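Have the model open while you read.

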Amino acid sequence: MSNVDAAQDLPSVGIVILGLGRWGMHLLRNFLALPGVRVVAIADPSTTRLQTAVSQLGLAHRTPAVLALTDWAATLDLDGVDAVAIATPASTHAALLRTALNRGLHGFVEKPLTLCAAEGRELCQLAAAQGRRLVVDHTYLFHPAVQAGRSLVQQGLLGQVRYGSSSRTHLGPVRSDVDALWDLAIHDIAIFNHWLGARPVQGQAWGTVWLQPALTPQLGAIAQETNQAKTAVQSGGSGGSGVSDLVWARLFYPSGFQATLQVCWLNPDRQRRLSVVGDRASLIFDEMATDSLVLQTGALMQQDRQFLPTAQERRAIAVSREEPLRRACEHFVDCVQGDRPSSLSSGEVGVELVAVLEALSQSMAQQGAIVSVAD
């Protein structure tokens, strides 16, 4: 039997898309294009967004019809719905996913899974009890360059890994429900964890607020408890709380490896660069470069009292041009059709990342103190 025939024999998956902002539109586009998927309905409280989706993606001409509703709860009662894809504000993820799981539906949810690790664990337990598949859209874990990078690190081509750094900056979009840490740093934390096959045990962070000094984002249970302890150091000199536009963070791994992260949504210099440095080579993932993944070798040779560079070589790693989000959507459908948990971006992976973000938020609230990451 061919792969095409095998795919046709699998049960189709009926899905509803909750939330039609920028990312929800990307999810809708990808699920509409996947074989074996039926988009039953889309839901968003904004009729303008619904009309835009219907017009831009030709939903009115599809057979069977894709319903466009402002009431998300009504979509879950429709016939033929097997799963939900959630792309709503982060503070709503837990309630929406809990409702869907309790109705026996599979869940695909935009990062972060939740704003509280304990709540995320409860959802993982609920998914297991219901026999439903829960996949978190950590899109970079599905990026061909990130997957190729993990293979190189795990092969030992870098030697003993020593430290890493990342910079993720751009000019907008600015969010008010979470700060730059929760919006942006989760990507790089996910990549570091994936490449190293480990997660940090401690974290440290500092934030600066310029744009929204009067708002307090939903930062998770631990951070909320210590939110009042914020000082002018991480509130841009305002002396109060706010949504951090710039965050510097450090991650400490069990092996001694450390990673430094910079995230900012108020910087016209758009950067998407992450590197891991070993004693034999460095691996650089730079989305903005022509060669997105590069292995840079080199060492220092001591000559008298000088250290001179030697054996320097730059090797561009060929990677496919597949859209990471499409691969993430395909992975979710495969998990549902094959009735198997995600081996790459499960709910448990989502909980681990939320736990790291909680620790970093607590550190920000304690003026950059080093904080342990909860198990």
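## Overall build

Of the 375 residues in this chain, 52% count as buried. Keep in mind that this is a predicted model.

The chain holds eleven helices and 15 strands. Its radius of gyration is 22 Å, close to the 21 Å that the globule rule gives for 375 residues, so the chain is as compact as a globular protein of that length. Along the principal axes, the C-alpha atoms fill a box of roughly 75 × 60 × 40 Å. Take the contacts between residues at least 6 apart in sequence: 74% of them join residues at least 24 apart.

## The largest pocket

How much space lies in the largest pocket? About 1300 Å³. Its lining is made up of 49 residues, and Arg 22, Trp 23, Glu 110, Lys 111 and Asp 183 lie nearest the centre. By type, the lining splits into 18 nonpolar, 14 polar and 17 charged residues.

Helix H2 (22-33) gives the most to this lining, with five residues. At least two residues each also come from strand S7 (161-171), helix H8 (180-196), strand S11 (266-278) and helix H10 (324-338).

## The cavity

There is one cavity of 30 Å³ or more, and the largest cavity has a volume of about 30 Å³. Which residues line the largest cavity? They are His 138, Thr 139, Tyr 140, Leu 141, Ile 186, His 187 and Ala 190. Four of the lining residues are nonpolar, three are polar and none is charged.

How values were computed:
Residues numbered from 1 in each chain as written. Predicted model: local features only at pLDDT ≥ 70, side-chain atom pairs only at ≥ 80, totals over all residues. Heavy atoms only, no water. 1 Å grid on protein atoms, 1.4 Å probe; cavity = no way out; pocket = protein on both sides within 12 Å on 5 of 7 lines; lining within 4 Å. Points joined across faces, edges and corners; volume = space filled by probe spheres on them. Nonpolar A, V, L, I, M, F, W, Y, C, P; charged D, E, K, R; others polar. Helix = DSSP H or I, 4+ residues; strand = E, 2+ residues; numbered from the N terminus. Rg over C-alpha atoms; globule rule 2.2 N^0.38 Å. Buried < 20%, exposed > 50% of the residue type's maximum accessible area, 1.4 Å probe, protein only. Contact = heavy atoms within 4.5 Å.
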